[in-house]
Amino acid sequence: MARRWWHLGVGLAVWVGWLMPVGLVSGLAWAAEEAPEWKVGLARVKITPEGPIWMAGYAARNKPSEGVLLDLWAKAMLLEDKTGHQGLILSADVIGFNKRVWEAVVERVGQKTGLKPEQILLAPSHTHTGPVISLGGETGYTMPEDQHKIVHQYTEKLVGQLAEIAAAALADRKPARLAWGWGVVHFPMNRREFTAKGVILGVNPSGYVDRRVPVLRVDDPEGKLRAVLFGCACHCTTLTGQHYVLSGDYAGFAQEHIEKQFLGVQAMFLAGFAGDVNPYPRGEIEHVQKHGQELGTEVCRVLQGKLQPVRGPLQTLLESAEAPLQPVPPKEELEKLAKGPYHVAYNAKRMLAALEAGHKMPPSFPVPIALWQFGQDLTLVGISGEVLGEYLLRVEKAIGPLNLWVTGFANQVFGYLPTAKAISEGGYETRGLYGEVVGFFAPEAEDVVVAKIRQLAEKAGRPLPS
């Protein structure tokens, strides 16, 4: 009789296992393990502008937004290891943060939470259907004066909202376990198309693309899914300058898809090294919905598979690489460049204006680099700016390809960070800085950035290749 009941119990357990949501199944695997060594806090806030606002991403737009396709969100994830060290990830459906806004966010968050700059990672999705983000100074967009005021007010509010959800996530800390894995998507496409007239923004099927989808799963002690952090190395440019409806592009739709599959779960997005990668196909609302569903579905698949535990301790480092800039060309050459393609004319005109005003242009630019080390299980490298995809190959060679997650646009978006190879080839992605500092990166910038990453990885204790 006892044996019959044992078999019945096993059968019932298997049957229940098939019926349980995937967010609960993983709890069976954790049952015999020691207490969780992490605490994780979560918070979110809707950041959709309340009215028409000038949109970021395409300089050709000539009017404010005309509606909302998908609400914009900012989300916070506060990680705390068993030593009490904390790291905060703030994701947002916006184009990015310039130096002035980044510093404002870090200061306000620090006041609310006590966190230092190296403990805070800003992760914009780089959507091109979100609002312009600026607290004054150079924006790169030609817009009416009233829109400057609207953008400034929106950004001021956003800074406050980010600080508020940071504090809320800190207060929300609960025991948690972390695990991670990979998926793959197929819509990212290299956009550096080679033609007889040079490199253009187009479609290059043979160009380098990182199609991996890193996924971090956050479970409660019973194994129920609480949050997911995922990435994709592709510009959020499915919708073009002809579109005037606000959205988080494919990344926003992917997050929405995941959160519909797992009610109550918070999904957050980290953009990869996507400086020269566009979605394909693009240009239609049906495309952005399709790409979002593809990415969201793949994340959900990865969540149901076997993932690798992520343990502590957590180290959070933040330093800058002094990336050299090209020498300022003679005035005559600048005048010629100012009549050329937009990607060189923009900086050439700004250089001419700086020279006429007697301003001295710097020989280098400090590229912020964040490195978070999770024990021996995972290294997260965040490079500021629009980082070209082939930087991943250099980073993998410098610090090893295993247990590595990279994100671009991290903290500060100052312009494009091209590889030395791309600089020699030319094209839009070599335009350099488009913020308040003027300049084109020199080929040597790549080596300087990679050397800094290796230095930070060594400091964090990551095993390095010889």
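Reader: With which residues is Thr 379 in contact, leaving aside its neighbours within four places in sequence?

Author: This is a predicted model in which local features need pLDDT of at least 70 and side-chain atom pairs count only at pLDDT 80 or more, while totals for chains, interfaces and linings use all residues. Residues are numbered from 1 along each chain as its sequence is written, and side-chain values use heavy atoms, with hydrogens and water left out. Contact means heavy atoms within 4.5 Å. On that basis the partners of Thr 379 are Leu 371, Trp 372, Gln 373, Asn 403, Leu 404, Trp 405 and Arg 462.

Reader: Is Thr 379 buried or exposed?

Author: Thr 379 belongs to strand S16 (residues 378-383); strands (E, at least two residues) and helices (H or I, at least four) are DSSP runs, numbered from the N terminus. Buried means under 20% relative accessible area, exposed over 50%, and partly exposed in between (1.4 Å probe, protein chains only). The relative accessible area of Thr 379 is 0%, so this residue is buried.

Reader: How does Glu 256 count at 29% relative accessibility?

Author: Glu 256 sits in helix H5 (residues 249-261). Gln 293 is 37 residues from Glu 256 in sequence, yet their C-alpha atoms are 8.9 Å apart. Because its relative accessibility is 29%, Glu 256 counts as partly exposed.

Reader: How far apart are the end C-alpha atoms of helix H6?

Author: The expected span of a helix is 1.5 Å times one less than its number of residues. Helix H6 (residues 285-303) has 19 residues and should therefore span 27 Å. The distance between its end C-alpha atoms agrees with this, at 27 Å.

Reader: Which backbone nitrogen does the side chain of Thr 139 reach?

Author: Thr 139 lies in the loop between strand S4 (120-124) and helix H4 (145-171). Not counting residues up to four places away in sequence, Thr 139 touches Val 132, Ser 134 and His 148. At 3.2 Å, its side chain reaches the backbone nitrogen of Tyr 141.

Reader: Which strand gives the most to the lining of the largest cavity?

Author: Strand S9 (212-219), strand S10 (225-232), helix H9 (391-399) and strand S18 (404-407) each supply at least two residues of the lining of the largest cavity. With 3 residues, the element that gives the most is S18.

Conventions:
Polar contact = N/O pair within 3.5 Å; in protein donor to acceptor, adjacent residues only side chain to side chain.
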